[in-house]
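Please examine the structure shown below.

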Amino acid sequence: NDIFPLGPGDASRSITSEALGVVAGGSDEQQAETVADEIARLLATGATVRDRDTGVRRAARPGDVAILFRTREGHRLFEEALARRRVPYYVYKGLGFFDADEIKDVVALLSFLARPQSELNAAALLRSRFVRVSDEALKRLAPALSAAVSGGDEPAVVSELHPTDRQRLRLLRTAMPRWLSLVDRLPPSELLDRVLAESAYAAETAGPAFRQARENLKKVRGLVRRIQNRGYATLGRVVDHFAQLVAGGDESNAMIDAIAAVNLMTAHAAKGLEFPIVFAVNLQRGSGGSPDPIRIVPAPFGRDEVIEPSIAIGEHESDADRDFEAREGEEGKRLLYVALTRARDRLYLAATMNENGRFAPGKGGLGRTLPASMALLLETAATTADMTLGWTGPSGTHQFRVVQRAEQLTTMTDAAEAAPNRVDDFTPLHAGGIRRIAATTHDAALAVDERRQFTPGSSSIEAGVLVHRALEAGVVNNLERLLRDDERALIDDLSEFVDRATAALSALRGHPEIRDIFGASTSVVWRRHEVPFSWRRDDATIVRGTIDCVVKRTSGVIQILEFKTGRRAAEHERQLDVYLAAARALFPDEPVEGLLIYPENTEQLSIGPGV
């Protein structure tokens, strides 16, 4: 059924003989190790597959391989086996994303930054790999954990802790005030990136599972960016959204496809996807655990006839039990069909035999609906010394290659070679790497836009922060209420500061464009404030910045607005050029215009699509 025909140069006979494989292990560990052996062999020996886009044959890459499960149980064995062979892998969509250590760490960090008064949040942060204090230290610090992390004076008990715990806690107390001061001043994604860099968290992800941890971190950072890019999002809202995802088990909004990594997923998650090489594994595993000791199914509601409730105890099967098993069987049959039809070039069936050497699939499992002849094939593969086995089905006889454990470990020497198109790096988790600059100053040493922060004193730049907040919130008067208490302490003359910001806001709102956009205009489809972006230039430099306002007009034009509270400067035009280039990359099919707006009417500079 493949739309790509085999060309005259293809070795069709060898392709046919390698198209089907079978793995039969004496234990779950042996099954996982044998599957990982085969994957490493395919990648190391240059086995070919047909490219999904062009149909041209090429060497297989890790991203061409999928390992499909009926349920999430057992995937850890495959992760560990792949890691030992230095094969990059990625677990996603339904296989415990929020159970991964690095995701628990990030959620603990963001939860504390959003609500530092919570003792539970403080405990989670202290036990995370950002801090990693011991259980004994946690017990000694309780119940005032929040104060121990971010309080003013160091608790006396700190001096009594083990030296390692004491050092880690003091490092945290040194950094935490700085991080808390940036909450809701920086976009949540930028704050997370800063903490990851300053805390040297990359050291915690080193080891065989580094690539998986890196992909998980990219995935969670991508989720944070999507949440904040939907509109104004505080850190608290981001954390609340995480809580909903964890409670509901919904990862669909969080998924970012891995680059050049073996894909581990459920058969259900693979619907609509296709991979050159597919391993349908754990065929012996059922879809659930043991039934409840007592099972009660209430009578249907709303029927005229009298129907008794269904009650079953222990191993006794009621009609409801049989109905449930039938539904599970049908679902297993559908998922088996999905799993087998995801394969484009090669398909492997893998299972574990029981202690008697028999293939005994559990209820609802993928292997439950396999024909008896296929079960015999799996059982024979577990004991035979033959390299191939024949199986006869409705469409004819097919040859399965019996995959045996490798005599020695095959490893991928350089996984980076398998990722020629990697373009999705966000922030460095270690020193070096891609050069990153801030769009506002083109200064590699400046990590964020200085207008988003307050520093001691009351410059016109800092007054601009207050103007930006007022425009976003739609506030015209009493701008002082937009300042936090800690910010007021940094301002020398609060009255003069607020007056200057109010005057600048009034001058900006007097412009016809501003009145049109912020008024009751019917030409505005939507507008977004403080829009963060990351843009990779042609020279591979990643430019980061935050656009004051993005407006979509009914005409289809995207407007980039930059509000300036000081005098016009040449660097403002260069800054807007960067914003326009980033916006045109984001909206390639729509015209993009830029507008610099200054307090004085004569200081307005418009830049159209042609610039």
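His 572 is buried, with a relative accessible area of 14%; buried means under 20% relative accessible area, exposed over 50% and partly exposed in between, computed with a 1.4 Å probe and protein chains only. The residue belongs to helix α18, which covers residues 570-586. Helices (H or I, at least four residues) and strands (E, at least two) are DSSP runs numbered from the N terminus. Leaving aside residues up to four places away in sequence, His 572 touches Lys 564, Arg 567, Leu 596 and Tyr 598, where contact means heavy atoms within 4.5 Å.

The model is predicted, and local features therefore need pLDDT of at least 70, side-chain atom pairs count only at pLDDT 80 or more, and totals for chains, interfaces and linings use all residues. Residues are numbered from 1 along each chain as its sequence is written, and side-chain values use heavy atoms, with hydrogens and water left out.

Attention now turns to the sheet. Eight strands form an open sheet with mixed pairing, in the order β5-β6-β4-β7-β10-β1-β12-β11; two strands pair if DSSP finds at least two bridges between them. Strands β5 (89-91) and β11 (388-393) each have a single partner strand and stand at the edges, so one side of each lacks a neighbour in the sheet. From one strand to the next, the twist averages 25 degrees. Helix α13 (residues 372-381) packs on the sheet and touches β1 (20-25), β10 (343-352), β11 and β12 (396-402). The direction of α13 makes about 175 degrees with that of β11; such angles run from 0 to 180 degrees between N-to-C directions, and axes are lines fitted to C-alpha atoms, for helices over the stretch in contact.

How is β1 placed in the structure? Six of its six residues are buried, so β1 is largely enclosed by the rest of the structure. Leu 20, Val 22 and Ala 24 point one way from the strand, while Gly 21, Val 23 and Gly 25 point the other way. Strand β1 runs parallel to β10, to which six bridges join it, and Ala 24 stands opposite Ala 351 in β10. Two bridges join β1 to β12, and these strands also run parallel. In β12, Val 402 is the bridge partner of Val 22, and Arg 401 is that of Gly 21.

Strands β11 and β12, by contrast, pair in the antiparallel sense over six bridges. A hairpin of two residues joins them, and Gly 390 has Gln 399 as its bridge partner in β12. Elsewhere in the sheet, four bridges link the parallel strands β4 (residues 65-69) and β6 (residues 262-266), with Leu 68 partnered by Met 265 in β6.

The axes of α2 (residues 28-44) and α3 (residues 75-84) come within 9 Å and cross at roughly 40 degrees. The two helices are therefore oblique to each other, since angles under 35 degrees count as roughly parallel, over 145 as roughly antiparallel, 65 to 115 as roughly perpendicular and the rest as oblique. Among the residues that make the contact are Ala 32 and Ile 39 of α2 and Phe 78 and Leu 82 of α3.

Finally, in helix α5 (residues 119-127), Asn 121, Ala 122, Ala 123, Leu 125 and Leu 126 are buried. What covers these buried residues includes α4 (101-114), α6 (135-141), α7 (145-150) and α8 (163-181).
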